[in-house]
Amino acid sequence: RRHAAGVARRVEQAMGGDAERPVLAAALLHDVGKVDARLTTYGRVVATLSAKAVRHDPEVIKAWTRTRGFPRRVGLYLQHPRFGGDRLALAGSDPLTVAWTREHHLPEQEWTVPPEIGRVLRDADDD
């Protein structure tokens, strides 16, 4: 929660009055898909290292989500952009908010959000 509020605060500082509701929602909710994994700080570290160990192989990560226990939770955590975007779309969130949630770990050339907004969101998330 602290991270999400900090990202939103930094976006608001960077954009001022141009930080419209969907952009602030994207800042606040971009990691919402992580809640399904229910990982502690230690678990998130292990998940991040696990992703590097399998070189972010999407097939391995998908296979983990089809298992049980900790490997499943790691797989869910590593796919949080997709699951979070799906959750927000089902809730009727603005398309920009949904898109950023799905795209926030992608390279800039793969974004569908306006690049100037994506850069502000990315930079706020990196702080």
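Read along the sequence, the protein chain follows the pattern α-α-α-α-α-α-α-α. Helices here are DSSP runs of H or I with at least four residues, strands are runs of E with at least two, and both are numbered from the N terminus. The model is predicted, so local features need pLDDT of at least 70 and side-chain atom pairs count only at pLDDT 80 or more, while totals for chains, interfaces and linings use all residues. Residues are numbered from 1 along each chain as its sequence is written, and side-chain values use heavy atoms, with hydrogens and water left out.

**Stop 1: the whole chain**

Show the C-alpha atoms alone. Along the principal axes they fill a box of roughly 45 × 25 × 25 Å.

Of the 127 residues, 38% count as buried. Buried means under 20% relative accessible area, exposed means over 50%, and partly exposed lies in between (1.4 Å probe, protein chains only).

Contacts (heavy atoms within 4.5 Å) can also be sorted by distance along the sequence. Among those between residues at least 6 apart in sequence, 49% join residues at least 24 apart.

**Stop 2: the largest nonpolar core**

Select Val 11, Val 23 and Leu 121. Of the 16 residues in the largest nonpolar core, these three touch the most other members. Helix H1 (2-15), H2, H7 and H8 each give two or more residues to this core. The largest share, four residues, comes from H1. A nonpolar core is a set of buried Ala, Val, Leu, Ile, Met, Phe, Trp, Tyr and Cys residues joined through side-chain atoms within 4.5 Å.

Keep Leu 121 and show its neighbours. Leaving out residues up to four places away in sequence, Leu 121 touches Val 11, Val 23, Ala 26, Ala 27 and Trp 100. A second, separate core of eight residues includes Ala 47, Ile 61, Trp 64 and Leu 76.

**Stop 3: helix H5**

Select residues 69-78, which form helix H5; the buried ones are Val 74, Gly 75, Leu 76 and Tyr 77. What do they pack against? The buried residues of H5 pack against H3, helix H4 (58-65) and helix H6 (80-90).

**Stop 4**

The structure holds one aromatic pair. The ring centres of Trp 100 and Trp 111 are 5.1 Å apart and the planes are at 75°, so the pair is edge-to-face. Trp 100 is in helix H7 (residues 95-103), and Trp 111 is in the loop between H7 and helix H8 (115-126), 11 residues apart. Rings of Phe, Tyr and Trp (its six-membered ring) pair if their centres lie within 6.5 Å; planes under 30 degrees apart count as stacked, over 60 as edge-to-face and the rest as tilted. Trp 100 is buried, at 2% relative accessibility, and Trp 111 is buried at 10%.

**Stop 4: His 30**

Go to the loop between helix H2 (21-29) and helix H3 (41-53), where His 30 lies. Is His 30 buried or exposed? At 2% relative accessibility, His 30 is buried. Its side chain makes a polar contact of 3.4 Å with the side chain of His 3. Another polar contact, of 3.1 Å, joins the side chains of His 30 and Asp 125. A polar contact is a pair of N or O atoms within 3.5 Å; within protein, one must be able to donate a hydrogen and the other to accept it, and residues adjacent in sequence count only if both atoms are side-chain atoms. Residues touched by His 30 include Val 7, His 80, Trp 100 and His 104.

**Stop 6**

Arg 21 is in helix H2 and is exposed, with a relative accessible area of 74%. Arg 38 is in the loop between H2 and H3 and is exposed at 60%. Phi of Arg 38 is near 50°, a positive value in a residue other than glycine. End at His 56, in the loop between H3 and H4. His 56 is not a glycine, yet it has a positive phi of about 55°.
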